[in-house]
Amino acid sequence: MTGKSKSIPVRPLAKEFDKGIAVGKYPIADLRLSEEAEYSHRHDYHFFILQEKGTSYFEIDFEKHQIKKPSIIYIAPNQVHRALKAEGIEFCLLAINNENLHPEYLELLQEISPAKPLPLDSEHFSLISQTFLLCINLFEDRESKLYLSSLKDSCNTLISLFLSQYLEKSKQADALSRFDLITKAFKLALENNFIKAKRPADYAQKLNISVPYLNECVKNITGFPVSYHIQQRVILEAKRLLYHSNKSVKEIAAELGYEDYAYFSRLFNKTTGMTALTFRNKNHD
């Protein structure tokens, strides 16, 4: 595989976007998939895409997506992705850092991540498209006395529209049960702590509940116990590093918090059905 580096590249916002927000619209005539976009990378910001026309092909965390209809796409800061191809495309982009996000929206984005591309009906497409246009106009009006505050407010409104679509489709907008709330809190804690916290007891302690009750909640909602989710999150990160970097398996084990390299190797084999090196070689093209 070409483009592999020692670590997965993390692409920051360009220096000219020093306020932590960038918004733009890209018609087909302007679209050229840059070499850097074609290679797998992460962002250190939240990335929102409104695809208005055409067909695009993305790879996000080992899953390929073909997007034909008007759709929204949300890529979280930790997700490894690349653009594969675009045909007759027209889309709007918003890149925004944590500091500019409304705290409630940041929390919700962490809860819905990872989120798959979502097709839009005509009504919601029109509303989101108009809001994007407002954000773009405000972004370009740098002489405004309230430039940053108005831009930030409008972009957060846009993000709320994205979130509303994801929440509606996943039925998270409905009243949540106690099991739902605890499972969501566990998944958020897992995302932030999986490298250091490997035991169900670690998360039960963080949530101030017992291990059996945490397991009951998580298994009731997801069908799998807490230990399964911990292992899956660790193995996903291991796959990212095996596929997108040239670090050794021993280096990856250490980076993910495993001093016992042999234990990590057994865990990877048990979880995926193959050794870490077999996974790397199988996906090396």
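How far is the sulfur of C135 from the closest cysteine sulfur, and in which residue does that closest sulfur lie? In this predicted model, the partner is C155, and the two sulfurs are 4.1 Å apart, which is too far for a bond. A disulfide is a covalent bond between the sulfur atoms of two cysteines. The cut-off for counting such a pair is 2.5 Å between the sulfur atoms, and a search of the whole structure finds zero disulfides. C155 is accordingly in no disulfide, its nearest cysteine sulfur being that of C135. C135 is buried, with a relative accessible area of 0%, and C155 is also buried, with a relative accessible area of 0%.

In soluble globular proteins, nonpolar side chains tend to be buried together. The largest nonpolar core here has 34 residues, of which V23, L94, I128, F132 and I159 touch the most other members. The elements that give two or more residues to this core are the strands β2 (21-26), β4 (46-60), β6 (71-75) and β7 (81-96), together with the helices α2, α3 (122-140) and α4 (147-170). The greatest contribution comes from α4, with ten residues. Once its neighbours within four places in sequence are left aside, L94 is in contact with I21, A22, V23, H46, F47, F48, F132, C155, L158 and I159. A second, separate core of 32 residues includes F194, A204, I230 and L256.

**Helix α5**

Helix α5 covers residues 178-193, and its 16 residues should span 22 Å at 1.5 Å a residue; the end C-alpha atoms are 22 Å apart, which agrees with that expectation. The buried residues of α5 are F179, I182, T183, K184, F186, L188, A189 and L190, and these buried residues pack against α2 (103-112), α6 (200-207), α7 (211-222) and α8 (226-244).

**Salt bridges**

Side chains of opposite charge can pair when their charged atoms come close. In this model the count comes to eleven salt bridges, and the table sets out examples among them.

| Pair | N to O distance | Relative accessible area |
|---|---|---|
| K116 and E63 | 3.4 Å | K116 53%, E63 34% |
| R233 and E191 | 2.9 Å | R233 9%, E191 29% |
| E237 and R240 | 2.8 Å | E237 8%, R240 2% |

The salt bridge between K116 and E63 links distant parts of the chain, with K116 in the loop between α2 and β8 (118-119) and E63 in strand β5 (residues 63-67), 53 residues apart. K116 counts as exposed, whereas E63 is partly exposed.

The side chains of R233 and E191 also meet in a salt bridge. Because R233 lies in helix α8 and E191 in helix α5, this pair ties together parts that are 42 residues apart in sequence. R233 is buried, while E191 is partly exposed.

Where do E237 and R240 lie, and how many residues apart are they? Both are in helix α8, and being three residues apart, E237 and R240 are separated by about one helical turn. E237 counts as buried, and R240 is buried as well.

Technical notes. Residues are numbered from 1 along each chain as its sequence is written. This is a predicted model: local features need pLDDT of at least 70, side-chain atom pairs count only at pLDDT 80 or more; totals for chains, interfaces and linings use all residues. Side-chain values use heavy atoms; hydrogens and water are left out. Buried means under 20% relative accessible area, exposed over 50%, partly exposed in between (1.4 Å probe, protein chains only). Helices (H or I, at least four residues) and strands (E, at least two) are DSSP runs, numbered from the N terminus. The expected span of a helix is 1.5 Å times one less than its number of residues. Contact means heavy atoms within 4.5 Å. A salt bridge is a side-chain nitrogen of Lys or Arg within 4 Å of a carboxyl oxygen of Asp or Glu. A nonpolar core is a set of buried Ala, Val, Leu, Ile, Met, Phe, Trp, Tyr and Cys residues joined through side-chain atoms within 4.5 Å.
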